[in-house]
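These are my notebook entries on one protein chain. I record what I looked up, entry by entry.

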Amino acid sequence: MRVYLLEAFYGGSHAAWADGLKKYSTHQIELVTLSDHHWKWRMHGGAISLLEQVVALPLPDLFLVTDMMDLALFRGLLPASYQKIPIVLYFHENQLTYPWSPTDPGINLGRDQHYAFTNFTSALAADEVWFNSTFHRDSFLTTLPNFLNQLPDHKLSHLIKNIESSSKVVPLGLELGALDIDFQKAPKTKPVILWNHRW
């Protein structure tokens, strides 16, 4: 299967995940990426920049896109020949529950809910929604009702069930080769692996 993995913020853990998936998958995965700068601009305009790259390539069997882009915008702008290609949205994190840095200048103006709403509409536009942990999926889905209740009218909370029914938990793969632990010589206690991300 030919899969285009679209990553609008290709760096750090996002790049490690994409590279690992490409390396170990039995599918033909091609990375279509943007650099890991200006995350807010990637959320707004990344879909258009990635679309320009995608339409220059042969048709894939599947799009695998991450939460750092506006999937509804991407899907809406796809040429007709691409419209029936299934799209899976992978949430590394989400802007609804992700803690903001106290140094972010936008925090003094109140939390900008536009990015959380983009995650919501992206989830609605996806054929399947994958989360990297059960905690992440559950926190997103249980926070959505209060978030949508802030809307002035047409609260849209009835659409949460659509996201819930298309959601799965697909944990991150871990490349542990760099640890180079000889378990035959290690103490007979169970190893502990700490991951400083969502549980």
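**Entry 1: Ala 116.** I located Ala 116 in helix α4; helices (H or I, at least four residues) and strands (E, at least two) are DSSP runs, numbered from the N terminus. The model is predicted, so local features need pLDDT of at least 70 and side-chain atom pairs count only at pLDDT 80 or more, while totals for chains, interfaces and linings use all residues. Residues are numbered from 1 along each chain as its sequence is written, and side-chain values use heavy atoms, with hydrogens and water left out.

I then listed what Ala 116 touches, leaving out residues up to four places away in sequence: Gln 95, Leu 96 and Phe 147. A contact here means heavy atoms within 4.5 Å. Gln 95 is 21 residues from Ala 116 in sequence, yet the C-alpha to C-alpha separation is 4.6 Å.

**Entry 2: The whole chain.** I noted 6 helices and 6 strands in the protein chain. Along the sequence they follow the pattern β-α-β-α-β-α-β-α-β-α-α-β. Of the 199 residues, 39% are buried. I also looked up contacts between residues at least 6 apart in sequence, and 73% of these join residues at least 24 apart. The chain exposes about 11,400 Å², of which carbon and sulfur atoms supply 59%; the areas come from the Shrake-Rupley method with a 1.4 Å probe, and for residues only the protein chains shown count as cover.

**Entry 3: Strand β4.** Why is strand β4 described as largely enclosed by the rest of the structure? I found that 5 of the 5 residues of β4 (residues 87-91) are buried, and therefore the strand is largely enclosed. In a regular strand the side chains alternate between the two faces of the sheet. In β4, Ile 87, Leu 89 and Phe 91 point one way, whereas Val 88 and Tyr 90 point the other way, and all are buried.

I next looked up the strands that pair with β4; two strands pair if DSSP finds at least two bridges between them. Strand β3 (residues 62-66) pairs with β4 in the parallel sense over 4 bridges, and Thr 66 stands opposite Tyr 90. Strand β5 (residues 128-131) also runs parallel to β4, joined by 4 bridges, with Phe 131 opposite Phe 91. Together, β3, helix α3 (residues 71-77) and β4 make a right-handed β-α-β unit. A crossover is right-handed if, with the strands pointing away from the viewer, the path from the first strand over the helix to the second runs clockwise.

**Entry 4: Strand β1.** I traced 7 bridges between strand β1 (residues 2-10) and strand β2 (residues 28-35), which run parallel. β1, α1 and β2 make a right-handed β-α-β unit. β1 also pairs with β3 in the parallel sense, over 4 bridges. I followed Tyr 4 to both partners: its bridge partner in β2 is Glu 30, and in β3 it is Phe 63.

**Entry 5: Aromatic pairs.** I recorded 9 aromatic pairs in the structure. Rings of Phe, Tyr and Trp (its six-membered ring) pair if their centres lie within 6.5 Å; planes under 30 degrees apart count as stacked, over 60 as edge-to-face and the rest as tilted. The ring centres of Trp 17 and Tyr 90 are 4.7 Å apart and the planes lie at 20°, so this pair is stacked. Because Trp 17 lies in helix α1 (residues 12-24) and Tyr 90 in strand β4, the pair ties together parts that are 73 residues apart in sequence. Trp 17 is buried at a relative accessible area of 10%, and Tyr 90 is buried at 1%.

The pair of Trp 39 and Tyr 115 is tilted, at 5.1 Å centre to centre and 55° between the planes. Trp 39 belongs to helix α2 (residues 39-54) and Tyr 115 to helix α4 (residues 114-125), so this pair ties together parts that are 76 residues apart in sequence. Trp 39 is partly exposed at 24% relative accessibility, whereas Tyr 115 is buried at 5%.

**Entry 6: Nonpolar cores.** I asked which residues touch the most other members of the largest nonpolar core. Of its 38 residues, these are Leu 6, Phe 63, Phe 74 and Leu 144. A nonpolar core is a set of buried Ala, Val, Leu, Ile, Met, Phe, Trp, Tyr and Cys residues joined through side-chain atoms within 4.5 Å. A second, separate core of 9 residues includes Leu 5, Trp 17, Leu 64 and Tyr 90.

Definitions and conventions
Buried < 20%, exposed > 50% of the residue type's maximum accessible area, 1.4 Å probe, protein only.
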